[in-house]
Amino acid sequence: MQCPALPDGFDFTDPDLLQSRVPLPEFAELRRAEPVRWIPQSGNIAGFQDGGYWAVTRHADVKYVSTHPEIFSSYLNTAIIRFNEHIQRDAIDAQRLILLNMDPPEHTRVRGIVQRVFTPRAIRALEQRLRDRALAIVETARTLPGDSFDFVTQVACELPLQAIAELIGIPQDDRAKIFDWSNKMISYDDPEYAITEEVGQESAMELIAYAMNMAADRKQCPAQDIVTRLVSAEDEGSLNSDEFGFFVLMLAVAGNETTRNAITHGMHAFLTHPDQWERYKAERPSTAAEEIVRWATPVNAFQRTATQDTELGGKQIRKGDRVGIFYAAANHDPDVFENPDVFDITRDPNPHLGFGGGGPHYCLGKSLAVLEIDLIFNAIADAMPNLRAAGDPRRLRSAWINGVKELQVTLD
Ligand code: HEM
């Protein structure tokens, strides 16, 4: 059955669509009437190019696509990061070096190496330092002069960057420049969101070069650190310098703004659901971070390409067709979530797909992200329990990243 409520020309990759209406009513329409729908034109979402794509909106179908990489390939098209010609030429083919764009067996090899960074032990080892950071960030915000401050720049931005720096052991003296490059790469100030376009190109190159130098250095002089374990572990396999450079670049994109937006959306959700904030302050439920990610779904969608003719949701998908998996739609699927449009920080179980659909590309940084969200809201609940909104959030213009550029808040 065709979905009657969507006008011709409707496109989920329109960057204005997410501006004010999350969750989108159109997602609900599609899930109900046409959960796999061909959208004939395309905009700028995560590499969705001209020619159209299948919009997949049901939880079960998003999971199916994510867990069948042999039918739905990530090769090259999942996350197009725009590089200038210089990077493309020098790095041979930059997109191929991005983990998100790899298929097995290459993906299995590289992921097998980089996941050493994210073991539960490695994340636990960071906890105390990140807790101290979270407290310091919140304390600095609390004591700012003036009536109000921007929650995004003053609170949400720093912890995700510090976490990545801690994870790979970036020396303190280098962090300011790493943070500067990382922020420039995601072009938050552009009228239309882009990763590493123009203003960020130089920064991406600098970050890659910095990481490659780090790798070369550890190969020559091994140390007791994670970079050494990634680039020179002989029996377990290791990354070459190019691979390490692009791994760090991907962390700076995948681990930075996702978590920043989750924290900002979480704050906004608490401010607009005071009952949930009261409950959080009283009980500190460990389920809150996952509900924030479900509710916010910072990554709206990713893309796959069909490697063969197949069927999905009653539709014939042809080899080569692009398939958009809309996590934001799946996360409000009433077949899976009771009262899906209710923000409930005690929701349990919460099988949301905000970190991906459970396939081989499932978010590597999930435990770290959950830890960061927990730490920052615990710190806010202790130090700034009476925060209030001082205006509406200013949203990022993007159909891919569900982001907030500015959220003014004030202390009572
Ligand atoms: C992949 C979301 C935080 C590192 C992904 C994917 C999503 C996602 C949707 C793709 C999953 C798929 O295709 O099946 C998020 C959200 C975050 C977050 C919502 C914060 C709330 C982080 C952090 C890091 C990280 C903190 C690391 C510091 C990665 C990596 C991948 C990934 C390396 C690629 C995995 C692969 O291709 O094998 N993330 N992420 N993410 N994420 Fe996250």
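Trainee: Which residue of strand 8 stands opposite V56?

Mentor: The residue opposite V56 in strand 8 is I325. Helices (H or I, at least four residues) and strands (E, at least two) are DSSP runs, numbered from the N terminus. Strands count as paired if DSSP finds at least two bridges between them. Strand 2 and strand 8 (residues 322-326) are joined by three bridges in the parallel sense. This is a predicted model, in which local features need pLDDT of at least 70 and side-chain atom pairs count only at pLDDT 80 or more, whereas totals for chains, interfaces and linings use all residues. Residues are numbered from 1 along each chain as its sequence is written.

Trainee: What is the sense of the pairing between strand 1 and strand 2?

Mentor: Strand 1 (residues 36-39) runs antiparallel to strand 2, and four bridges join them. Within this pair, W38 stands opposite W54 of strand 2.

Trainee: How should I read the two faces of a strand, and which residues of strand 2 lie on each side?

Mentor: In a regular strand, side chains alternate between the two faces of the sheet. In strand 2 (residues 53-56), Y53 and A55 lie on one side and W54 and V56 on the other. A residue is buried if 20 or more other C-beta atoms, placed from the backbone, lie within 10 Å of its own, exposed if 12 or fewer do, and partly exposed in between.

Trainee: In what order do the strands of the open sheet stand?

Mentor: The order of this five-stranded open sheet is 1-2-8-5-3, and its pairing is mixed. Strand 1 and strand 3 (72-73) each have a single partner strand and stand at the edges, so one side of each lacks a neighbour in the sheet. Strand 3 is joined by two bridges to strand 5 (residues 301-306), and this pair runs antiparallel. The bridge partner of F72 in strand 5 is A306.

Trainee: How is the length of a helix checked, and what should helix 8 span?

Mentor: The expected span is 1.5 Å times one less than the number of residues. Helix 8 (residues 172-185) has 14 residues and should span 20 Å; its end C-alpha atoms are 21 Å apart, which agrees.

Trainee: Which residues of helix 8 are buried, and against which helices do they pack?

Mentor: I178, F179, W181, S182, N183 and M185 are the buried residues of helix 8. They pack against helix 7 (158-168), helix 9 (201-220) and helix 11; two residues are in contact if their C-beta atoms, placed from the backbone, lie within 7 Å. The buried residues of helix 9 include M205, L207, I208 and R218.

Trainee: Where are the cis peptide bonds?

Mentor: One joins P104 and P105, with omega about 0°. P105 lies in the loop between helix 3 (85-90) and helix 4 (106-114). Another runs from D348 to P349, with omega near 5°. P349 is placed in the loop between helix 15 (327-330) and helix 16.

Trainee: What is the phi of R284, and is N339 buried or exposed?

Mentor: R284 has phi near 45°, a positive value in a residue other than glycine. R284 lies in the loop between helix 13 (274-283) and helix 14 (288-296), and R284 is partly exposed because 14 other C-beta atoms lie within 10 Å. N339, in the loop between helix 15 and helix 16, also has a positive phi, near 45°. N339 counts as exposed, because it has 9 C-beta neighbours inside 10 Å.

Trainee: What confidence does the chain average?

Mentor: The average pLDDT, the predictor's confidence in each residue from 0 to 100, is 88, and 87% of the residues score at least 70. Where pLDDT is low, the predicted coordinates should not be read in detail. The model scores ipTM 0.99 and pTM 0.94.
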